[in-house]
Amino acid sequence: MEITLLLQGGLNGVMLGLNYGLIALGLSLIFGIMGIVNFAHGEMYMLGGYVAYYLVGRFRFNFLTTMIAGVAIVGLLGALIEKTLFRPLTTRPKQALTSLIAAVGLAWVLQMLAVICFGELDRNVPSAFKGIIHMGGVVITKERLAAIIIALVLVSVLTLFLMKTRIGMAIRAVAQDKEAAALQGIQVSRISSLAFGIGCALAGAAGVLMAPIFCVSPFLGGEVILKAFLVVILGGMGSIPGAMLGGLVLGFIESFGSLFFTVPTVNAITFVLIIIILIVRPQGLLGHE
Amino acid sequence: MNKRSTTVWIGYGALLGLLLTIPLFTDEAYVFHILCLIGINIIFACSLNTILNIGELNLAHAAFMGIGAYASTLLVMRLSFSFWLAMPLAMVAAAIISLAIGFLTLRFKGAYFLLFTFLFAELVRILLSNFWIGLFGGIPGLTNIPRPSIQIPWLFHLEFSSNKDFYYLILVMVVITVFVMRRMDQSRLGMVFRAISQSETLTESIGISSMKFKILGCAIGCLFAGLAGSLYAHFVRIITPADFSIHAVLTPIAYVVVGGMGSVFGPVIGTSFLMILSHFFLREFGLYELLLYGVIIVLIIRFMPEGLISLPRVISPWFGKLLTRE
């Protein structure tokens, strides 16, 4: 095995892993705050992809504007959904289940709306970054490098936000104990909206980043949510480093696995591996009880 | 027998009579095709409801239906068992596998059990699609599954080859399932399940092993999932791994939640309502069919979280207001 091939696989693994991590981070944040398994999370990624398709592909916007627009549109949509659909369900009995089904229904609605508005064909999204870079024997396109760097920036910003700012601390407080947080004067409902919006925005950002590398289609969400679930299981619910570590592990398994085995074998190995991890350590690699 | 239960029994009788006489009104194979599918889905939704009753959501429930379907098909086609023997064996197979899974995973709390069952569902799909293709048929699945028949030498011979005949078989199975579910719901066992779903700690404090009963509840649910799978395989006559993937369980969950979780008739009402809606009324809308379907589900959950079964309770205050205004 040549060393360059390994490096190439490693770079691809990092790119996939960071973006899986971004998506899973949002899923995990929403679950931590509201106890909702957001089945419509993959659709947020899909919407991010379409923002990139229209702004970069059709209207020739530059990358930064597209990214900001993608994060803002998907984030606001997330906050709106939380306010109108999920929050009224939180006071009802069996909230976890009803909100799960509400999310499933929402995923269908968004998917069909996408088919109706954007068409059901796969769309290629032109990249805002053109060209390739040679590093030793390793070749990487600029768009992939950008995806790695921007994902890293987003995760760092989010970590700083959650750890250092007052609002970030409030979010963590609500995730730990709703009642205690409310007693400290934190408005739990506002924090919920905000966290839901941030979670969705992260998936939207990943969508904008990955759209030029893969295609966009209305049916992207289903596959993406499966990956995000795997990452969350690996890393542990509600843990930021866990989501990133889980994302990287999955990215490396997929990237290196496909060098040595067929895709179904890689998938079967991944699932068996994750099931074993879950049985031995149900809280995930870095999660808490 | 008091007055209320008499009316209830008359109601059941009338409903059953109506269902039995449907063949007098129509002859269309399509109608019976859909009715059979509704019946199979009712059995599946009831079995899912059993597991929801112990306070867990099993995302691999369709995989257990798949285990039933593949077990029954392979027994009939490869080992030439009779359908009437293969069906109970398929049910038992699904239940036994669920026992093993239950021992391993029911100690996980809340979301982790859900995530594990999600992994298990995907693993079953991957194994059925890509491995032992000679046995399981790979992604295209198994085809030409025979319809069952009853043959008692010199007495009679009954083929369930037409959709209309199969409808009676399904009807019998649905009645048996609902009857068992109702008896279980009213028994001590049903009470223990409800207690566990409300508070595991309190249930254990009065000396009930919640783990034991959760495993039992899961196995009972999977037993009926196996039944639904076996009936599905021999009715549709083609099974593929995709039929039992994670996506295949989301629609039935919607049936249960829309109908009303926890009650015996909730899943029955939810399944009938949504399936009749989507197969007989929304077909005209083409592209908008799934969109409307999703919107209806979201609206029902948003405004009637306890499901359609709570409709009389939701509406009655309005009627009350109307009456007092007069």
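**View 1. Surroundings of A94(B) in the predicted model.** Leaving aside residues up to four places away in sequence, A94(B) touches F64(B), I67(B) and G68(B), together with C222(B), L223(B), A225(B), G226(B) and G229(B). Within the largest nonpolar core, which has 199 residues, A94(B) and I23(A) are the residues that touch the most other members. Helix α1 of chain A (residues 3-34) supplies the largest share of this core, 15 residues.

**View 2. The side of chain A that touches chain B.** Contacts link 33 residues of chain A with 32 residues of chain B. On the chain A side, the elements that give two or more residues are α3 (63-90), α4 (95-118), α9 (220-235) and α11 (263-280). Of the residues on this side, 13 come from α4(A), the largest share. By residue class, the side of chain A that touches chain B comprises 28 nonpolar, three polar and two charged residues.

**View 3. Packing of α4(A) with α11(B).** Helix α4(A) packs with helix α11 of chain B (residues 246-259) at an angle of about 125°, and the two axes are 10 Å apart. The crossing in which α4(A) passes α11(B) is left-handed.

**View 4. Residues in the contact of α4(A) with α11(B).** From α4(A), the contact draws on L97(A), T98(A), I101(A), V104(A) and G105(A). The partners from α11(B) are L250(B), I253(B), A254(B) and V257(B). Seven of the residues in this contact are nonpolar and two are polar, with no charged residue.

Note on methods: Residues are numbered from 1 along each chain as its sequence is written. Chains are lettered from A and ligands numbered from 1 in the order in which they are written. This is a predicted model: local features need pLDDT of at least 70, side-chain atom pairs count only at pLDDT 80 or more; totals for chains, interfaces and linings use all residues. Two residues are in contact if their C-beta atoms, placed from the backbone, lie within 7 Å. Helices (H or I, at least four residues) and strands (E, at least two) are DSSP runs, numbered from the N terminus. Ala, Val, Leu, Ile, Met, Phe, Trp, Tyr, Cys and Pro count as nonpolar, Asp, Glu, Lys and Arg as charged, and the others, Gly among them, as polar. Axes are lines fitted to C-alpha atoms, for helices over the stretch in contact, and angles run from 0 to 180 degrees between N-to-C directions. A crossing is left-handed if the near helix is turned anticlockwise from the far one by less than a right angle, and right-handed if clockwise. A nonpolar core is a set of buried Ala, Val, Leu, Ile, Met, Phe, Trp, Tyr and Cys residues joined through C-beta atoms within 7 Å. A residue is buried if 20 or more other C-beta atoms lie within 10 Å of its own, exposed if 12 or fewer, and partly exposed in between; C-beta atoms are placed from the backbone.
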